[in-house]
Amino acid sequence: MELPTKKTQPRVNLANLSILIHGMPKVGKTTWCAGADNALFLATEPGLNSIEVYQMPISAWEEMMEACALIADGKHSFQTIVIDTVDNAYKMCSKYICDKHKIDHESDLGYGRGYAFINNEFQRAINKLASLPYGLYMISHSQEKEIETRTGKYTRIIPTLPEKIGKIIVGMVDMILYCTIEVFKDTDGQQKNKRVMKTKPNLYYEAGDRTGRLPEEIDLDYKAFLKEFKGSAVSGKDESKQEKQQQTSD
């Protein structure tokens, strides 16, 4: 083992990134993911009937593991793996562990062991998918959570995943994208709705972008997202090139 001599370079390819997308039902999360390059949907719930995509229906955790093994084998042309939804995948994992230990509920094992077994099994599978050379998009629904502070209370919108595994996924992904509908008035004063995607941390909703490539808000359209992501990458390269040229001239 040797100490590193070079810094790791930022990932600029979406095929290397993991993304958590959450928002209200029917806002357009699945349609957005369908725009990704060569996407394969691991469909843990109905909802893809009106969208033309490659999909593997998943009804049990054993099927999820079988799908993961086929994906890891690499004998395919898919570039993006979409778990729709990650909430249902976690429920399947929970049932699998309960059936394995012949219990009705996670708490039946006592001292938090059941929850630990489920979280470890789920995290192992997600980490394996995230480590593969494909983009990993995980779709979740949203819920409102009341936050109490010393100065008062406020409502925050977060993914519907259980708290412990939710923190693990939020901590591992490169982007958290919150999908919502904004109401505005056009030039004629008429009220209009616009579907948007929030990308930056906010007190009132869960979002974030470790790549730093995205603006705070984007239209909920995959082409718009791709334009912003790739446009920022090109801009960053140009700025870096200009800096090197400036240093050389100096």
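**View 1. Buried residues of α2.** In this predicted model, Trp-61, Met-64, Ala-67, Cys-68 and Ile-71 of α2 are buried. These five lie on the same side of α2, because they cover an arc of only 115° around the axis; the arc is that of the directions from the helix axis to the C-beta atoms. Buried stands for under 20% relative accessible area, with a 1.4 Å probe and protein chains only. Helices (H or I, at least four residues) and strands (E, at least two) are DSSP runs, numbered from the N terminus. The cover over the buried residues of α2 includes β2 (39-43), β3 (54-57), β4 (80-84), α3 (86-100) and α4.

**View 2. Length and end of α2.** The 13 residues of α2 reach 18 Å from first C-alpha to last, close to the expected 18 Å at 1.5 Å a residue. The expected span is 1.5 Å times one less than the number of residues.

**View 3. The largest cavity.** The structure has 1 cavity of 30 Å³ or more, and the largest cavity has a volume of about 40 Å³. A cavity is a set of points, on a 1 Å grid over the protein atoms alone, where a 1.4 Å probe fits but cannot get out; lining residues have an atom within 4 Å of a point. Points are joined across faces, edges and corners, and the volume is the space filled by probe spheres set on them. The lining consists of Trp-61, Met-64, Met-65, Cys-68, Ile-83, Ala-89, Phe-122, Ala-125, Ile-126 and Leu-129. At least two lining residues come from each of α2 (61-73) and α4 (113-131). By class, the lining has 10 nonpolar residues, no polar and no charged; nonpolar covers Ala, Val, Leu, Ile, Met, Phe, Trp, Tyr, Cys and Pro, charged covers Asp, Glu, Lys and Arg, and the others, Gly among them, are polar.

**View 4. Thr-80 in β4.** Thr-80 is placed in strand β4 and counts as buried because its relative accessibility is 6%. Leaving out residues up to four places away in sequence, Thr-80 touches Ala-36, Asp-37, Asn-38, Ala-39, Leu-40, Gly-135 and Tyr-137, a contact being heavy atoms within 4.5 Å.

**Notes to all views.** Residues are numbered from 1 along each chain as its sequence is written. Local features need pLDDT of at least 70 and side-chain atom pairs pLDDT 80 or more, while totals for chains, interfaces and linings use all residues, and side-chain values use heavy atoms, without hydrogens and water.

Note on methods. 1 Å grid on protein atoms, 1.4 Å probe; cavity = no way out; pocket = protein on both sides within 12 Å on 5 of 7 lines; lining within 4 Å. Buried < 20%, exposed > 50% of the residue type's maximum accessible area, 1.4 Å probe, protein only.
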